[in-house]
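Please open the model in a viewer and keep the selection panel at hand. Each stop on this tour names what to select and then states what is there.

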Amino acid sequence: MDRVDDFEEATRLERLGEQLWAVDLRADWGLWSPAGGFISALALRAAGEATRLPRPASTTCHFLRMGKYGPAELRAEILKSGRRSELVRMELVQESNVLLMCHVWAVQDETPGLVHDASRLQNMPTPQSLKSYEELHPDRPAPLFLQRFEERPIKGMPEAGDGARDPELTGLYKFRPRARAENTFVDAARAMILLDTYGWMAQYPAHPEDDPSPWIAPNMDYHYRFHRPTTEAEWLHMRIRAGIAEGGLMSTDGEIHDLEGRLLVSGTSQLMCLPRPGA
């Protein structure tokens with residue numbers, strides 16, 4: 001990679017005030033513009049610094065404008081503060097324009113309540129049982145953004161000549177060079193980046209002849225639910241599905257599990273299709 005850093009370094013913030021931070025929207029962590037998962041991760045990290053509570057429960061992000069690579073600011077406001085939960089509003093601002101608005105719920109650790117789990121996956125593959133993207137495609141380097149994590153596909157991107165199939169991608173992923181972070185807000189960035197990035201790519205199995213697609217699809221919104229901390233899981237199992245695209249919109253839903261099959265994070269998004277520039 002041209003610049004060897006990791007998600008923890010790339011999402012570091014410079015505090016300017018009590019609820020104000022400077023950030024850098026970097027091109028090497030971008031796609032057709034600053035990537036939605038990356039800027040959402042910046043906002044979640046700042047929310048973690050703004051709140052007094054130790055872990056995120058959920059965040060809803062609205063993408064108001066496409067930004068550009070360069071400096072920006074994050075602003076926080078505590079909307080509701082209670083003993084067990086706190087709601088933080090985050091805004092990402094660039095040149096006086098709000099690019100992103102997020103509402104983040106933070107909660108206490110291990111509060112009492114109902115306990116059951118019907119979401120666990122069975123017969124999970126091990127990383128050793130799967131070939132990496134590099135082993136499968138030695139002559140086709142992944143784009144720089146995707147080189148940030150090691151990918152071991154289960155249901156991967158379509159190959160040349162493939163027919164249309166279900167619009168779903170599944171695989172194991174490990175970020176590199178750092179696999180995980182200790183802080184729960186910072187580490188949750190891994191799930192957000194994966195679900196956001198591969199959400200768009202999940203449509204390719206249904207349209208295997210489009211390479212590249214004549215469309216791009218910026219996020220309108222994304223809702224993430226953090227069921228368990230991700231900090232103990234080096235490898236993440238992701239399933240992401242683009243179940244419907246119609247009327248200029250495409251929706252996705254996805255899940256992140258650990259290697260024991262425990263559900264860590266789930267998310268859903270709505271995207272708007274736009275003609276690819278130059279297509």
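**Before starting**

The model is predicted: local features need pLDDT of at least 70 and side-chain atom pairs count only at pLDDT 80 or more, whereas totals for chains, interfaces and linings use all residues. Residues are numbered from 1 along each chain as its sequence is written, and side-chain values use heavy atoms, with hydrogens and water left out.

**Stop 1: the largest pocket**

Rolling a probe the size of a water molecule over the atoms shows where empty space is left. Here the search runs on a 1 Å grid over the protein atoms alone; a pocket is an open set of points with protein on both sides within 12 Å along at least five of seven lines, a cavity is a set of points where a 1.4 Å probe fits but cannot get out, and lining residues have an atom within 4 Å of a point. Grid points are joined across faces, edges and corners, and a volume is the space filled by probe spheres set on the points.

Select P143, L146, M157, M201 and D211. Of the 28 residues that line the largest pocket, these are the closest to its centre, and the pocket has a volume of about 820 Å³. Next, colour β7 (149-155) and α5 (189-201), each of which supplies at least two residues of this lining. Helices (H or I, at least four residues) and strands (E, at least two) are DSSP runs, numbered from the N terminus. Which element gives the most to the lining of the largest pocket? It is α5, with four residues.

By class, this lining has 18 nonpolar, four polar and six charged residues. In this count Ala, Val, Leu, Ile, Met, Phe, Trp, Tyr, Cys and Pro are nonpolar, Asp, Glu, Lys and Arg are charged, and the others, Gly among them, are polar.

**Stop 2: the second largest pocket**

Select R55, T111, L114, V115 and H227. Among the 18 residues lining the second largest pocket, these lie nearest its centre. About 610 Å³ of space lies in this pocket, and its lining has six nonpolar, six polar and six charged residues.

**Stop 3: the cavities**

How many cavities of 30 Å³ or more does a search of the whole structure find? There are two. For the largest, select R55, P56, T184, A188, F226, R228, P229, T230 and V265, which line the cavity; about 70 Å³ of space lies within.

For the second largest cavity, select Y133, E134, A142, L146, Q147, F149, E151 and R176. Its volume is about 40 Å³. Both α3 (133-136) and β7 supply at least two residues of its lining.

**Stop 4: the nonpolar core**

Select L74, M90, L92, L194, Y198 and I256. These have the most contacts inside the largest nonpolar core, which has 68 residues. Such a core is a set of buried Ala, Val, Leu, Ile, Met, Phe, Trp, Tyr and Cys residues joined through side-chain atoms within 4.5 Å. Buried means under 20% relative accessible area, exposed over 50%, and partly exposed in between (1.4 Å probe, protein chains only).

Now centre on I256. Leaving aside neighbours within four places in sequence, I256 is in contact (heavy atoms within 4.5 Å) with residues including A191, L194, L195, L236 and V265.

**Stop 5: two buried loop residues**

Select T11, in the loop between α1 (7-10) and β1 (14-17). Is T11 buried or exposed? T11 is buried because its relative accessible area is 1%. Not counting residues up to four places away in sequence, T11 touches F38, A41, L42, R45 and V186.

Move to F145, in the loop between α3 and β7. F145 counts as buried because its relative accessibility is 4%. Not counting residues up to four places away in sequence, F145 touches D28, W29, G30, L31, A35, I193 and T197.

**Stop 6: backbone details**

Select R176 and P177. The peptide bond from R176 to P177 is cis, with omega near 5 degrees, and P177 is in the loop between β8 (168-175) and α4 (184-187).

Finally, select E95, in the loop between β5 (85-94) and β6 (97-107). Phi of E95 is near 50 degrees, a positive value in a residue other than glycine. E95 counts as exposed because its relative accessibility is 58%.
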